[in-house]
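Please keep the sequence and the model in view while reading the points below.

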Amino acid sequence: MNISIFGLGYVGCVSVGCLAQNGHNVIGVDVNQNKIDLINDGKPTIIEADINKIIQEQHKWGRISATKDAKKAVMDSEVSIIAVGTPSSEKGHLNLQYIFAVAESIGEAISKKDSFHIIALRSTVMPGTCDKIANIIEKSSGKKRNRAFAVVDNPEFLREGTAVKDYYNPPLTLIGSDNKEAAEKLAILYKDLPGEIVISDLKVAEIMKYVNNTYHALKISFANEVGNICSELDIDSHEVMNIFCKDKQLNISPYYFKPGFAYGGSCLPKDLKGLQTLAHDLYVESPVIDSIDKTNENQIARATKLIYKYWNKKLGFLGLSFKEGTDDLRNSPAVRVIEALLGKGADVTIYDKNVNMTLLTGTNKDYVDARIPHLSKLLTSDLEQVIQDSDVLIVNTKEKEFIEKLEDIEGKVIIDFVRLGDQFLNKKNYTGINWATDLETGKYISAEDTVI
């Protein structure tokens, strides 16, 4: 395939070399003459392991070249990759002027081109940027998006120092697009690489780099705080974290990585508080660990706010315990939400097959008595009756019976805290705690990930 790459910095240079090594003809484009000269002399524009040898060999085979002529590069290629820098301000806002300038140049070239052209953005950008690029190209080319050209997002996950190795060993390749044909054609560039090729919604792809790197920063900060606490106790923090990483079922796994309701139960709140207290007693600052329960409180407040607009309706809670399959009500976020709603005078009915007031004992009973003293008057064992009598159904636990009963329900608002299933996403009057649907139209634009 013939490819033009705009920007011969870190990502652009690695992409030029690796794509050429995979058998493609690559034209680099940059405004810096020095970078152009380096590529045309068979030399890399960066210092990076293995890239000098790759650039030298591919230049020798005639697969790479560089130019300032954006129009010629676009005319001579099927795909243009944008890999220019997006420097951020002190407040975190991105400077997109270089990307937009490239988009305008590409659009001017497309205006003279008859064949369909694909523009792939590799630069790190905020969600919505690809749409802005497409608008610029439409304006400068006079042609329509997805007729004469398509814009896709193809974020890179390369680390400095191991970029070539990372390029050839990705955990996955992500392509965000609103044009299936363009996404599938771009996927051909990566067909021989290991890892899944995932095609997603444009905005999903655009936000992924931020999510990934923020989590990596969180991991480092969390490990450092644990290390600081261990250091004060003369504990080997590396042994602690090595053991932590051996647990692939919970600690290093997809478990818990599902956006939704707040956590509860006895263990997480208690042990989190214990570690926070230990750090405090040792005079060790641990802002990451200290903020975890604050984030949880925010999620409970978010859930309550979502329901508040219906406070004068009949509210039916499906599930009361802190998770499905248990009667443990200790620190259940649903109890907290119901407590707030009752304080406003809301009409609440609760169904939870696992909760029997006559069987509650000990700290479980003490917790409920302190929060909702008259809980027994709100609980019912008749799920059908709760569904029938309620105007709004709030789903707190992911029980199979709730999925089965609510799939065909019409004429009631469903507020879902646990993501019952994708079959609900386009359902009218359905919304999730952070996968919101327009309750007026029921419209939910979902981009189910497709694995090629």
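Lys427 is buried, because its relative accessible area of 9% is under the 20% cut-off. Its place is in the loop between strand 13 (413–416) and strand 14. The side chain of Lys427 reaches the backbone oxygen of Ile409 at 2.8 Å. The model discussed here is predicted, and the points that follow are grouped by topic.

- Lys248 is exposed, because its relative accessible area of 55% is over the 50% cut-off.
- Lys248 lies in the loop between helix 10 (237–246) and helix 11 (267–281).
- The side chain of Lys248 reaches a backbone oxygen, that of Cys245, at 2.9 Å.
- Along the chain, Lys248 and Ser77 are 171 residues apart, and their C-alpha atoms are separated by 45 Å.

**Cysteines**

- How many disulfides does a search of the whole structure find? The search finds 0 disulfides.
- Cys13 is accordingly in no disulfide, and the nearest cysteine sulfur, that of Cys18, is 9.0 Å away.
- Cys13 is buried, with a relative accessible area of 0%.
- Cys245 is partly exposed, with a relative accessible area of 36%.

- In what order do the 6 strands of the open sheet lie? The order is 11-10-9-12-13-14, and the pairing is parallel.
- The edges of this sheet are strand 11 (379–380) and strand 14 (430–432), each of which pairs on one side only.
- Strand 10, made of residues 347–351, pairs with strand 11 in the parallel sense over 2 bridges.
- Tyr351 has Thr380, in strand 11, as its bridge partner.

- Most residues other than glycine have a negative phi.
- Asn331 is not a glycine, yet it has a positive phi of about 60°.
- Asn331 is found in the loop between strand 9 (314–318) and helix 13 (333–343).
- Asn331 is partly exposed, with a relative accessible area of 32%.
- Asn429 also has a positive phi, of about 65°, although it is not a glycine.
- The loop between strand 13 and strand 14 holds Asn429, and Lys427 has its place in the loop between these strands as well.

**A buried serine**

- Is Ser80 buried or exposed? Ser80 counts as buried, because its relative accessibility is 0%.
- Ser80 is found in strand 4, which covers residues 79–82.
- The side chains of Ser80 and His117 are joined by a polar contact of 2.7 Å.

**A nonpolar surface patch**

- Which residues form a nonpolar patch on the surface? The patch is formed by Leu233, Ile235, Val240 and Leu278, and together these residues have about 270 Å² of accessible area.
- Leu278 has its place in helix 11.
- Leu278 is partly exposed, with a relative accessible area of 31%, so it passes the requirement of over 30% for residues in a patch.

Notes:
Residues numbered from 1 in each chain as written. Predicted model: local features only at pLDDT ≥ 70, side-chain atom pairs only at ≥ 80, totals over all residues. Heavy atoms only, no water. Helix = DSSP H or I, 4+ residues; strand = E, 2+ residues; numbered from the N terminus. Buried < 20%, exposed > 50% of the residue type's maximum accessible area, 1.4 Å probe, protein only. Polar contact = N/O pair within 3.5 Å; in protein donor to acceptor, adjacent residues only side chain to side chain. Patch = residues over 30% accessible without salt bridge, like charges linked within 9 Å, V, L, I, M, F, W, Y side chains within 5 Å. Areas by Shrake-Rupley, 256 points an atom, 1.4 Å probe, with all protein chains shown as cover. Salt bridge = Lys/Arg side-chain N within 4 Å of Asp/Glu carboxyl O. Disulfide = S-S within 2.5 Å. Pairing = 2+ DSSP bridges.
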